[in-house]
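Colleague: I have not looked at this one before. Can you walk me through a few spots?

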Amino acid sequence: MSADEPGAPARTADEVLLMGRVGELWLKGRNRRHFERSLQQNLQRALSNRLNHVQVMAGRGRMYIAVGHPADAAEALRIAADVPGLVDIARVERCEPELDAIEAAALALVGERWAGATGSFAIDGRRTQKTLPFTSPALNRRIGAAVQRATGLAVNLTAPDRTLSIEVDPRRAHLWTDATPGARGLPVGTAGGALLMLSGGIDSPVAGYLAQKRGCRLDAVYFHSAPFVGEGTRDKVVALAGRLATRQGGAAAARRAVHRGPGGHPRRLRSADGGAAVSAHDVSHRRPAGRRPQARRAGDRRDAGAGGEPDDQQPGAG
Amino acid sequence: MQQTTTPDPIYLDNGATTRPDPVIMRALLDRQATLFANPTSSHRLGRAAAAALDEARGRLAGMIGGDPAGLVFTGGGTEAVGLAMLGLPQGTVGRVAISAAEHACVGEAARRLVECHGWAVDVIPVDGDGRVQPAALAEAIGPETRVVAIMLGQNEVGGINPIAALAPIVRSRAPRARLVVDGVQALGKIPIDVAALDIDCLAMAAHKLHGPRGIGALWSRVPLTPVLKGGGQEGGRRGGTQSAPLALAFADAAEAALAGRSHLAAMRDRLWHGIRDRVPDVILTGVPCGPERLPHNLHVCVPGLPSEPLLNLLDTRGVCASAGSACGRDRFSPVLAAMGRGADDGAWIRLTTGRFTTPEMVDAGAERFADAVAELRLLWGGCP
């Protein structure tokens, strides 16, 4: 993918830009484009399921997210940080890749974010290419001096209280002060699919999440062993499936993707918008012949869910 | 979500809470418009609210034969119990005795005394019917005992404790103790006379009587130290702006409940007979249906079956019941355990009637209960 965004809509004045840094994708050689495209799509779906006017663009090792409504910025950041594939993500300011423009943008940014702050700071500036007419140390010295004059804060390069990060490439510069850790891992879908045996316990959704972070797209199967588990457990599984679905660009609510398969056969389902790849199935279930009631009574009736995990919430008394 | 069609719900969980009486709720809404003022305000609207609050206080106190000045409105039953057990003179340390079948809020208040104020706790054992016997009480308390908590009507298995026979033991064995009685399940179900029963503190709540949620009361003839002081309301015993409309609705609900209480027993008995006719091996838990049992309470055991799957099958058939207290899910009932029962004895189900329970509901409930038992027996007991 090119360094800029072909066909990207013109940015409006109050639009907020987020920049996510892509992690392991750099390690993947010629597959990088495939990985980046998956991540871009996953981010776009996860964000568009909840927010309007959000556009995800892929750059060189970076994902740029233009948020049309500034009030949505925090929510967009939270959603994107949850989608596997980004190392971190920050709200950034963008300017021309020239020292004067960078200095003006830096002063505006720290004027807003560091107003009234005390203590020390550092500038963490870097060039992505050596074709630029200044070196990284020169950039840091120049911006550092300007910030120090403007704020009166002390410089501390080893243990600063706050850091202004600057990244300059030949086409533009990005500046940010606070980055949120991302989920890391690989974009969901880049390592094929897996069928998750989802129960009401904690182990199976965690296993599913870890598989998602290694790139697996999940479908989930849930054996609803009614009446040995209650409807409350099914509701919880649906909620869990929904949480997993958002991480692979699925719909926030997986409820519509759950139904009772005719004749008790599980069916592979997708939600109405085609986005949810996690679905929970519901099959009628009878205790296997030959299993004695005593085996369940002793307290292991809690393992009625798929995968034999303990169910941490047994619905009981109303 | 596609589902098999669910039958109309049959609400037989009135021990957990009750559907608010529409007449009372309409009156409540009307009074919210006229009696909204702060009862401590000195202007005319405030005085009207104060007068309404006092009217409600007088009616409720009158129902239990107590002095209206002893009645403190609270946010509910749990708060009333907490105020009775924790509202002690500053620095009091001693022993607290609670019956083994108390509601969780009593146990938690006792635990607070132990953990925060250095008290010691004694548990008064209950008999096989979940009631406190005089001999057990006499053994559990002594001169160091400062609080004795014994509920009037047991919330799970419905037994009525013989408070009149127990109170003299408290007076003789623990003369410095206050007798705290949780009357939340019993109010409006049986006549209560605090003087005849020799009760020091009686806790009550409106939501168990088809009244609004969010209001309860503590009647006390002993001084109460406020848990929350606030603006000195309720005679300095409970801070927080009172609601005259809620208080009146509580009084309305309690009076209506007491007037209609024979219906509860009639419906409960009809339900019991309906179930017993269809499921011959079903066992009634606790004392027989009669004057020593709360009139709305039916608690049964179906031998050989597990509780939770039966409850789930009842749920899919629209029957709203419970396996025990609504406030203690996810574990075997401590009350049944204290009565010497176990989870392996069978399926434990509590069915509780209300003023809006109809004969049709009860008959359908008994039939669906029998269907659920039959289905679970196929799934559970039919295997070799």
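Modeller: What follows is a short talk through some features of chains A and B. This is a predicted model, where local features need pLDDT of at least 70, side-chain atom pairs count only at pLDDT 80 or more, and totals for chains, interfaces and linings use all residues. Residues are numbered from 1 along each chain as its sequence is written, chains are lettered from A and ligands numbered from 1 in the order in which they are written, and side-chain values use heavy atoms, with hydrogens and water left out.

Colleague: How many helices and strands does chain A have?

Modeller: Chain A has 7 helices and 13 strands. Both are DSSP runs numbered from the N terminus: helices are H or I with at least four residues, strands E with at least two.

Colleague: And what share of chain A is buried?

Modeller: Of the 318 residues in chain A, 49% are buried. Buried is under 20% relative accessible area, exposed is over 50%, and partly exposed is in between, with a 1.4 Å probe and protein chains only. Taking the contacts in chain A with a separation of 6 or more, 72% are between residues 24 or more positions apart. Contact means heavy atoms within 4.5 Å.

Colleague: Which peptide bond in chain A is cis?

Modeller: The one joining Ala226(A) and Pro227(A), with omega about 0 degrees. Pro227(A) sits in the loop between β11 (217-221) and α6 (231-246) of chain A. Most peptide bonds are trans, and most residues other than glycine have a negative phi.

Colleague: On phi, what is the value for His53(A)?

Modeller: Near 55 degrees, which is positive in a residue other than glycine. His53(A) is in the loop between α1 (32-48) and β2 (54-58) of chain A. With a relative accessible area of 58%, His53(A) is exposed. In chain B, Glu234(B) also has a positive phi, near 55 degrees.

Colleague: Is Glu234(B) buried or exposed?

Modeller: Glu234(B) counts as buried because its relative accessibility is 4%. Glu234(B) belongs to helix α8 (residues 233-236) of chain B.

Colleague: Staying in chain B, how do α2(B) and α9(B) pack?

Modeller: Helix α2 (residues 44-63) and helix α9 (residues 244-259) of chain B meet at an angle of about 25 degrees, and their axes are 8 Å apart. The two are therefore roughly parallel to each other. The label covers angles under 35 degrees; over 145 is roughly antiparallel, 65 to 115 roughly perpendicular and the rest oblique.

Colleague: Which residues make the contact?

Modeller: Among them are Ala49(B), Leu53(B) and Met63(B) of α2(B), and Ala247(B), Phe250(B) and Leu258(B) of α9(B). By class, the contact has 13 nonpolar, no polar and 4 charged residues. Ala, Val, Leu, Ile, Met, Phe, Trp, Tyr, Cys and Pro count as nonpolar, Asp, Glu, Lys and Arg as charged, and the others, Gly among them, as polar.

Colleague: Where is Leu86(B), and what does it touch?

Modeller: Leu86(B) is in helix α3 (residues 77-86) of chain B. Beyond its neighbours within four places in sequence, Leu86(B) is in contact with Ala109(B), Arg112(B), Leu113(B) and Val227(B). Leu86(B) and Thr225(B) are 7.9 Å apart, C-alpha to C-alpha, and 139 residues apart in sequence.

Conventions
Axes fitted to C-alpha atoms, helices over the stretch in contact; angles between N-to-C directions.
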